[in-house]
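Please view the sequence and the model together with the points below.

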Amino acid sequence: MILDCTLRDGGYYNDWDYSFDLVKRYIDAMAAASIDVVELGFRTLQSDQYLGATAYTTDSFIERLSPSTSLRLAVMLNAKELANAPDARVAIRSNFSRRAVSQVELVRIAANLDEVAVLGGAIEELHELGYVVALNLMQISEIPLAKVRSFGQQSAEFGVTYSYIADSFGSLRPRDISPIMRALADGFGGPVGCHLHDNMSYALANTMEAVDAGAVIVDSTVQGMGRGPGNVRTEYVVMELSRRGQTKANVTPLVNLVERDFAEMKKSFGWGSNLHYFKSANLAIHPTYVMELTKDERYSPSEIVSALDRLNEKGARSFDVRRLSEAVQGEPLAFSGGNNVDNWCTARDVLIVANGAEARAKRQEIEMFIRQHRPFVLGLNAHLPIDLSLVDAVAVCHPERALLDASALAALDCEVVAPGELLHELKITVKRHRDVGMRVSGGSFTLEQTGVGIPDPLVIGYALALVGCGGAKRALMVGVDGYTLGDARHEALQHTLKIYGSWPAAVELTSLTRTSLDIRQGSLFAPW
């Protein structure tokens, strides 16, 4: 059997907020293609953020879709939500009607190994309500075969219909599949299934290996849509199993859905295997780290690889935003230099220019502002969105960024403010250099004999320290856009700015372009 879970797994990209018309086209195409089971989405128990319809997949939403009676429908529960519920049985009763009045047939529960034991009560309630239940074990590549067999036995004790494995890290190769599926089948003694990711482009080969090893139900998604690199593609599985004579499904009714709706979404969201997902799979790093690192253009490929290496050093099998922040920032940095910033920009307005989207969109207005008001212009790193002849100095303090920008730094005619030790180690020669050392102090801004201390390894912190120690009248910023709330980079920026606000040497700070950071907001267009 083929279980298509496109809307459920793909919802990580759009908060499960698909248009109703798309969902309707999708389920009609699935029915026409004779796909065995369609998992429409999650049945989320509770959330403190906005999520779309397929995060909850309520019975009333399904009724609006008027799905074909030939289509078997499923929803998924997260074991973590059940484990955190005050009473899992009550949570089930509160979120599921009796099967007799619901069009949902199958409920799948996705669990890590340490969550399985507590699921008995929830599974009993689902059975009493009349649902077929499947139990999915995640992160299977990290679990010994003996424990896979034990999970199968536990699944049998719970009385579930299907026992499943999920290759959460996408790190399985075809040769790994058969032993796992056989261990699961030995323990369970019933029908087994698999959900296989495409981090290393093995998803189709792995799926066929699983079928050959006895899997009776396999997951897939249209265009491979899914978290991180995505999954095996439904259209490929249909064609391959059809060639083998192992499915009645037909790919033809899916073609428009595949090549129009979901092809456009793939262009927009960009799922699919790449170097970073391949590396994360080899290191058994949770794919959400790669999703977070790659979704913003300000991280270079080499910075992403360095972050993955740091994550690997400490283990990253579950996603944690704090761990991501540490990986991006790296170990505390310190580069010696001088502290020659006294009277550097005394009593002047300093305009700090970053390469954010807001600055790129307002390039002409920023250049007009500089020509009219004559501030001291301090750029963050070498690549700036404005005419470089208007820039007085560029601040550089992070080694990876400096190494990537080495040729651009060497070509600058303006002053480069950077720790001398940093430039020496990286063998970067600049035309004009102001030597100011930098040390990540962990909790404060300081002026030291060898430079400045800053709380986080961020060039904006280095620049603000320079401005404060240099005697500026006030600091204005453009292109320091911030990120979304909850993003580790946003939290690090906000942390630096908060500490700066309490530093005795701090000057008044105002953003003249739109920012999501909690700082004073002004405008390029206001009178100054």
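How many aromatic pairs does the count come to? The count comes to twelve aromatic pairs, where rings of Phe, Tyr and Trp (its six-membered ring) pair if their centres lie within 6.5 Å. The model is predicted, so local features need pLDDT of at least 70 and side-chain atom pairs count only at pLDDT 80 or more, while totals for chains, interfaces and linings use all residues. Residues are numbered from 1 along each chain as its sequence is written, and side-chain values use heavy atoms, with hydrogens and water left out. Helices (H or I, at least four residues) and strands (E, at least two) are DSSP runs, numbered from the N terminus.

**An aromatic pair**

- The ring centres of Phe-445 and Trp-503 are 5.3 Å apart and their planes lie at 25°, so this pair is stacked; planes under 30 degrees apart count as stacked, over 60 as edge-to-face and the rest as tilted.
- Phe-445 belongs to the loop between strand E14 (433–440) and strand E15 (446–448), and Trp-503 to the loop between helix H22 (488–501) and strand E18 (508–511), so the pair ties together parts that are 58 residues apart in sequence.

**The barrel**

- Eight strands form a closed barrel in the order E1-E2-E3-E4-E5-E6-E7-E8, with parallel pairing; two strands pair if DSSP finds at least two bridges between them.
- On average, neighbouring strands of this sheet are turned by 25° against each other, direction ignored.
- Strand E1 (residues 2–4) runs parallel to strand E8 (residues 217–220), and three bridges join them; Leu-3 has Asp-219 in E8 as its bridge partner.
- Helix H8 (residues 174–188) lies across strand E6 (162–167) and strand E7 (192–196), at about 145° to E7.

**Helix H12 and its partners**

- Helix H12 (residues 275–283) packs against helix H13 (residues 287–294) at about 150°, with axes 9 Å apart; axes are lines fitted to C-alpha atoms, for helices over the stretch in contact, and angles run from 0 to 180 degrees between N-to-C directions.
- That angle makes H12 roughly antiparallel to H13, since angles under 35 degrees count as roughly parallel, over 145 as roughly antiparallel, 65 to 115 as roughly perpendicular and the rest as oblique.
- His-276, Tyr-277 and Ser-280 of H12 meet Pro-287, Val-290, Met-291 and Thr-294 of H13, contact meaning heavy atoms within 4.5 Å.
- The residues of this contact of H12 with H13 comprise four nonpolar, three polar and no charged; Ala, Val, Leu, Ile, Met, Phe, Trp, Tyr, Cys and Pro count as nonpolar, Asp, Glu, Lys and Arg as charged, and the others, Gly among them, as polar.
- H12 also packs with helix H14 (residues 301–314) at about 10°, with axes 11 Å apart, and the two are therefore roughly parallel.
- Residues in the contact of H12 with H14 include His-276 and Lys-279 of H12 and Asp-309 of H14; the contact divides into six nonpolar, two polar and two charged residues.

**Helices H9 and H10**

- Helix H9 (residues 203–212) and helix H10 (residues 234–244) pack at about 40°, with axes 11 Å apart, which makes H9 oblique to H10.
- Leu-204, Thr-207, Met-208, Val-211 and Asp-212 of H9 meet Tyr-236, Val-237, Glu-240, Leu-241 and Arg-244 of H10; six of the contact residues are nonpolar, one is polar and three are charged.
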